[in-house]
Amino acid sequence: MLRIKNLEAGYGKLRVLKRISMHVDSGEIVTIIGANGAGKTTLLYTIAGIIKAGAGEIQLLGAPIIRTKPEKIVAAGCSLVPEGRQVFATLSVRENLILGGYVQYKRKKFQPDQELRFIYDIFPVLQDRESQLAGTLSGGEQQMLAMGRALMAKPQLIMLDEPSTGLAPLIVKNIFQIILKLRAAGNTVLLIEQNAKAALGIADRGYVLETGKIILQGPAEDLLVNKDVQRAYLGREVCNEGARCDLD
Amino acid sequence: MYWDKAKECMSREDLEQLQLERLQSTLYRVATHVPFYRKKFKESGINPDGFSALDEMRSLPFTTKDDLRDNYPYGLFAVPLRDVVRVHASSGTTGMATVVGYTKNDIKNWADMVARILTATGVGADDVVQIAFGYGLFTGGFGLHYGAERIGASVIPISSGNTKRQIQILQDFKTTTLVCTPSYALLLADTMMEMDININALSLKYGLFGGEPWSEEMRTEIKNKLGIIATDNYGLSEVMGPGVAGECRECNGLHINEDHFIVEVIDPQSLEPVAPGELGELVFTTITKEAFPVIRYRTRDLARLLAEPCSCGRTLRRMSRVIGRTDDMLIIKGVNVYPMQIESILFDIEGTEPHYQIIVEREGRMDKVTVLVEVVESIFFDQMKKQRQLMEHIKKRLATELGIGVDVKLVEEKTLERFEGKAVRVVDRRRL
């Protein structure tokens, strides 16, 4: 699905990503975990074409998308759900969703009602709020709206940037359930999270990003028991799966 | 039959992507956590962050057994000891062991690799696996053990030795799969014949043999005598243990677990890669190991890579069986022995001369080692008792330090051949 080799990117002279190589296979949930400032968002933005890559290769479904315009990348099948939702606050839920289908709209076959029904199946609450202004939704609902809006473009790969930010734990759980549902419906997900434990809990594989480099990767269950990951990102509570924890 | 079809039948392109990703982060981790590699990279001007293609492997420095010994015991570990859940060791040239460690994930991956090899032979959850490899610091026993458990087989951890008991259990426990060295398999077969046991009445179906080089003729003999499918497997503790590579039912080369190891074949003199398919020294880089990663480890094992795809469907490349060694290491009863080890023990013992010869023979099925030692003249004029004492003393020292029993013969001064150039200390009369 997505294949990245030796990707470098940054802001001005600041090199943020240093030779990132990674891939996402069809039907997978892959997560990138890492601390603040590790380069997670930069990586997603570079894939989405919002930040220009300095060097390297990005392939989406076998076709190079490096230095392609963001709207072309969306049309090629890769949608981004940005951090902090960024819904159009003054538009209604329905209008927000329809805008998400813009690339579909340009194709003649676009049938907004059918697409909306599909989104409402996944997020019934959005149907209830259909004509409400997006700005009046709760944080969790806005996150669902942002995800629904991205899905309207019928992406092959959906990239989520910190969907848990600013949400109550119960809502986070809900959002992660929905991500699992998306995968079950055949979507491929690239998930960026600071909440490493939750992300690794639903992902198939993970990459650990540190100061712009991938320092570790593997099946999510392996990363969960990796001591470096535990120390850096998971806190102590998971060590030894409930057995006695070290007290030092 | 596959254990992990997605990995074992990966396309080359996907595999190379995976190898690059894993290699890049391995290089980062060893450069950050292992002072030895950090220093080595610096000396050879390697920027571990600057690595962008598998071809660039060639610029990386080699790691040798000496490096492992110099960093005895834990110097090359890439994680703190508290993350290590297992330690194994193997013999070294001067009697100092090389120590390797495993994290929880390493053990899991190891079991998976062995599971692939067992599955490729045909072993499954219904099988009863008798593991007659030594358990302990040697990786053989535990390596196969965890893999067999992973596939759900019933494991009999009998360990090596005690042939009569092995045979008893082989019969009574209805063992279907035998795991040991090929020479031990033949010894078992011959002993059973001597004991008039009807081998056809056994439940035995499969044999996974490794730990020492063996030939196609030997395979045929094992197959005929035991009536089983016999496959070869390869591994070394410095890289992982058994499970680095193993044969499928085609019995035509060993599939290397390339998603965990990058293999190269080099000319041991020029250190350059050999032409595809040529014989050379195997060099492995681990790309998933956490506790004990090695970069371009020179195995000293000679083999060739087979380029043609295998009809079993696995895309993991195959290596030929190991054909020899680039150094003078002997494999005796599956145990690695260096002549230097014997030499340094002899030097240590008073009354011996620094002239000796090691004779390796195959007596029946088993290896037999005789060490001829020159002793100072005075001993031969002394009483027999003193001679015998010295002999027993040497025997005991060799047995404790080598881990295998050897015969010792004392000879008079200047009776062993003297060499002008490189001394031929070892006479290997085994025909494998």
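What follows are my entries, roughly in the order I made them.

**Ground rules.** This is a predicted model, so I keep in mind that local features need pLDDT of at least 70, side-chain atom pairs count only at pLDDT 80 or more, and totals for chains, interfaces and linings use all residues. Residues are numbered from 1 along each chain as its sequence is written, while chains are lettered from A and ligands numbered from 1 in the order in which they are written.

**Confidence, chain A.** I checked pLDDT (the predictor's confidence in each residue, from 0 to 100). The average for chain A is 89, and 94% of its residues score at least 70. I then went by element, taking helices (H or I, at least four residues) and strands (E, at least two) as DSSP runs numbered from the N terminus. Over residues 237–248 of chain A the pLDDT stays under 50, and the model has eight contacts for them beyond four places in sequence. A contact here means two C-beta atoms, placed from the backbone, within 7 Å.

**Where the chains touch.** I find 17 residues of chain A in contact with 15 residues of chain B. On the chain A side, the elements giving two or more residues are strand 1 (2–11), strand 2 (14–24), strand 10 (213–219) and helix 10 (220–225) of chain A. By class, that side of chain A has seven charged, five polar and five nonpolar residues. For the classes, Ala, Val, Leu, Ile, Met, Phe, Trp, Tyr, Cys and Pro count as nonpolar, Asp, Glu, Lys and Arg as charged, and the others, Gly among them, as polar.

**Chain B layout.** Chain B is divided into domain 1 (68–327) and domain 2 (335–428), with bounds from an automatic or database domain assignment. Their centres, taken over C-alpha atoms, are 31 Å apart.

**The sheet.** I traced an open sheet of nine strands in chain B, in the order 4-3-5-6-7-8-9-14-13, with mixed pairing. Its edge strands are strand 4 and strand 13 (305–306) of chain B, each pairing on one side only. Two strands pair if DSSP finds at least two bridges between them. Strand 3 (residues 128–131) of chain B is covered on both faces: Val128(B) and Gln130(B) are buried on one side, Val129(B) and Ile131(B) on the other. My cut-offs, with C-beta atoms placed from the backbone: buried is 20 or more other C-beta atoms within 10 Å of a residue's own, exposed is 12 or fewer, and partly exposed is in between.

Strand 3 of chain B pairs in the parallel sense with strand 4 (residues 154–156) of chain B over three bridges, and Val128(B) has Ser154(B) as its bridge partner. Three bridges also join strand 3 of chain B to strand 5 of chain B, again parallel, with Val129(B) opposite Thr177(B). Further along, strand 6 (residues 206–209) and strand 7 (residues 229–236) of chain B run parallel, joined by four bridges, and Gly207(B) stands opposite Ala230(B).

**Gln166(B).** Buried or exposed? Gln166(B) counts as buried because it has 24 C-beta neighbours inside 10 Å. I find Gln166(B) in helix 7 of chain B. Beyond four places in sequence, Gln166(B) is in contact with Ala132(B), Ile158(B) and Leu188(B). Its C-alpha atom is 9.7 Å from that of Ile131(B), 35 residues apart along the chain.

The peptide bond from Tyr72(B) to Pro73(B) is cis, with omega near -10°. Pro73(B) sits in the loop between helix 4 (65–70) and strand 1 (84–90) of chain B. Lys174(B) is in the loop between helix 7 (163–172) and strand 5 (177–180) of chain B; with 13 other C-beta atoms within 10 Å, Lys174(B) is partly exposed. Arg296(B) is in the loop between strand 11 (280–286) and strand 12 (297–303) of chain B, and with 18 C-beta neighbours inside 10 Å, Arg296(B) is partly exposed too.
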